[in-house]
Number of protein chains: 2
Amino acid sequence: MNEERTEIGSLGEFGLIEHLTRNNETRQASTILSVGDDAAVIDQFGKQTLISTELLVEGVHFDLMYTPLKHLGYKSVVAAISDICGMNATPTHITVSIAISNRFSIEALDDLYNGIYAACEVYNIDLIGGDTTSAGKGLIISVTAVGEVTPDKFITRSGAQKGDLICVTGDLGAAYLGLQLLEREKKIFLEHPGVQPDLDNRKYVIGRTLRPEARVDIVEWLATQEITPTAMMDITDGLSSELFHICKQSNVGCVIYEDKIPFHDEMREVAYKFEIDPTACALSGGDDYELLFTVNQEEYDKIRFTEKISVVGYITEAGEGKKMITRKGNTHDLVAQGWQQDK
Amino acid sequence: MNEERTEIGSLGEFGLIEHLTRNNETRQASTILSVGDDAAVIDQFGKQTLISTELLVEGVHFDLMYTPLKHLGYKSVVAAISDICGMNATPTHITVSIAISNRFSIEALDDLYNGIYAACEVYNIDLIGGDTTSAGKGLIISVTAVGEVTPDKFITRSGAQKGDLICVTGDLGAAYLGLQLLEREKKIFLEHPGVQPDLDNRKYVIGRTLRPEARVDIVEWLATQEITPTAMMDITDGLSSELFHICKQSNVGCVIYEDKIPFHDEMREVAYKFEIDPTACALSGGDDYELLFTVNQEEYDKIRFTEKISVVGYITEAGEGKKMITRKGNTHDLVAQGWQQDK
C-alpha cells in the first residue's frame, strides 16, 4: 500500500472523480460515452442487455483489518460480474459508486481503484460511471454490472428439468475457510500484537476469500462446446442455498452426492485443522463465485472430461425434496443457510 | 406511516426481497426478465442504452428526522433518473440496492418501497433488480437508472458553442431553502419538543426538497418541438457548479443575467425571512433536479413562449470567463460551490 496520505477534501468531489478515473481505459467497442457526464452510453444493437448490482458495506461484507483495498476493489467487481456469468452472459461494463468517510486518504482510494481497474483489465470490461460521496463512517461500495447476451440465450434459475445433471465449477468452501483463518489471525493479533501470522502455506484458501475470480471462462467454454444449461446461477451463499433457489424457481427437487462435491486439498487440510466439516463449508459457506448449472443428461459426454466442472447430482421431481446422499450412503435433507450465517 | 413493527430478521434476506418486490409491476415492453434472478434482462434493439447511478447515505444526503421514508424512496429514484433526463434521454428501468441496520422495521421498508414504486408509476419505469444487505448503522440507498435514446441523439456537456442560449427549466433554489427550513424546525424541536412546526404556507419549498420531480416532460417537449440542445445536464449542485461543468467540457465561457434566473414566489419569501440572497440559493443550492441546456439562437422563438423554460444567458469564448451580470448591472465572476457546501 501507498504510504503517502493526501486528504480527500483537498481535491473536492469533482477533482476526486477526475483523479480516480484519470487512467480509465475503454476496451469495449460498445462504449459510446464513458465516465464524466450525467450517464454513460452503451450501444447494444443485436444483443440483450443485462444489469446486476451489488452493495458491499464495511463491517458486513469486508473487514479492512485484513482486506487490502486493492483486493477489495477487485473482489467488488468480481461479485457484480459473477451475477452476469450466472446468467450465461458476458459482462461488458460496470459502474462503481463509493461512500467514504474522511478516514480514507486519496492513496487508500487509489489502492481500491487500482484493484477495480485490474479487474476491468482481466475481464475485459469498461468502467463507465459512478457516484462518489462522503459517509459519516466506514466505506460502502456499490457496483452495477452490465452484460450482453445473444437474444434469449440467457439462462435463468427456472429451467431445470427432472433428470438434468447438476454441475458446479471449480471447488467449493475454500473462501469460507480463508475467512475463518483471517478472523482467527485478527483475534490473535488483537490479543498479542507482537505475533506475526504465518499464512504462507494457506495461500489458496486466503486467495479464495480475498481475491476470488468470476467464471467468465466457463461462459465461454459452454459456448464453444455448444452446451446450453437448463438453469444456471452463481454460487455466493453456499451450494445448498443456491440449489434451493433453482429447485424453487424450477419447481423441482434434487439429489446431490457428498463425495462428488469438489474440494481443494488445502481447503480439506484447513477444514481438518479447524475441525469443520468440509461439506458444511461447501453447502453453507459463501463467496465462492463459482457457477451452478443444470444440463440435460445428453451433455454428459461433453462435460465429464473437463476438470473445470464437477457433476454433483441430478434433478428430481419437486415432491422428492432436496436430498444429499452422504459418503456413508445415508440420505439427508439439504438445509439452506445462506442468510442465517450472516455472511 | 405504518405503525406495526415487524423485525427484518423475521423474513430473512430472500424473504425480504420477495416481500419488497411482491407488488412490482413491469411497464416497459423491453423488460424481458425482472427481479428474482442473478441479473435483469432488457431488450434495447435499435436504441442506445444509458446507465447512471446514485448513492444516498443517511446523515449525508437525508435526515430521517424530517424525511418521510416514502418521500425518500421517491426522491432516490428521481435523483437517479434525472441524470438520464440530463442526457436528453428517456429513463426506462432502475435497480435499487439498500443497506439497512435492524433499526428499521419491515413496515418502514414498505414505506420506502412504496415511494420507489410511486416514482416507477409516475415515470413509467420498471424496477428490475437490486441487492439488499444489512448495515451496522444507518440506511444507504443505491439506485442505478437505465435509459434509452435514439442512436447518437443523447446530449453531453461538451457541445455548447459561442452564442448559444443558456436555458434552465422550472425554478431554482427552492429545494435548498426547504432544507434550511426543515433543519431550523428540527433544531427548534430538539430544543423545545412541545413546539409543533406550522409549515402549511411553506408547502412549495418543502415539497421541492422532500419530493422533487425529474423533468422527463422536458425531454418529451424538446422532442415534440424538434429542439436539439447543444449541451445538457441536470441541476443538482446549483446552477453555478453545473455551468462550470458545461463551460469546462465545452471549452467555452458564459454570461448569465441575475434577473433572468427563475424563482418561485414562496421561495423569494422564505429567502427574505432567512435573510439569504435568492440568487445565492439558485447558484449554489442543491437538489433542484431541473435541467440546464444550451441551444442555438435559432431556437429562441420556439422556447420564448413556454413557461417551463427560462433563457438565463448565453455562451461566450472560454477566454471571456464565466460571468454574471447583476440586477444593478455589475459584472461578477461566477464561483462554483457545489461540494464545499457539503450538500
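**Close-up views of a two-chain model**

**View 1. A strand of one chain meets a strand of the other.** B:Ala40, in strand 2 of chain B, is the bridge partner of A:Ile51. Please keep in mind that this is a predicted model, in which local features need pLDDT of at least 70 and side-chain atom pairs count only at pLDDT 80 or more, while totals for chains, interfaces and linings use all residues. Residues are numbered from 1 along each chain as its sequence is written, and chains are lettered from A and ligands numbered from 1 in the order in which they are written. Strand 3 (residues 48-57) of chain A pairs with strand 2 (residues 40-43) of chain B in the antiparallel sense, over 4 bridges. Two strands pair if DSSP finds at least two bridges between them; strands (E, at least two residues) and helices (H or I, at least four) are DSSP runs, numbered from the N terminus.

**View 2. The contact between the chains.** Chain B gives 52 residues to the contact, and chain A gives 51 residues. Residues are in contact if their C-beta atoms, placed from the backbone, lie within 7 Å. On the side of chain B that touches chain A, strand 3 (residues 48-57) of chain B supplies the largest share, 9 residues. That side of chain B divides into 23 nonpolar, 19 polar and 10 charged residues. Here Ala, Val, Leu, Ile, Met, Phe, Trp, Tyr, Cys and Pro count as nonpolar, Asp, Glu, Lys and Arg as charged, and the others, Gly among them, as polar.

**View 3. The axis that relates the copies.**

**View 4. Two helices cross in chain B.** The axes of helix 4 (residues 174-191) of chain B and helix 5 (residues 203-210) of chain B come within 7 Å and cross at roughly 100°. These two helices of chain B are therefore roughly perpendicular to each other (65 to 115 degrees). Among the residues making this contact are B:Leu177 and B:Leu181 of helix 4 of chain B, and B:Tyr204 and B:Ile206 of helix 5 of chain B. The contact residues divide into 10 nonpolar, 2 polar and 1 charged.

How values were computed
Contact = placed C-beta atoms within 7 Å. Axes fitted to C-alpha atoms, helices over the stretch in contact; angles between N-to-C directions. Parallel < 35°, antiparallel > 145°, perpendicular 65-115°, else oblique.
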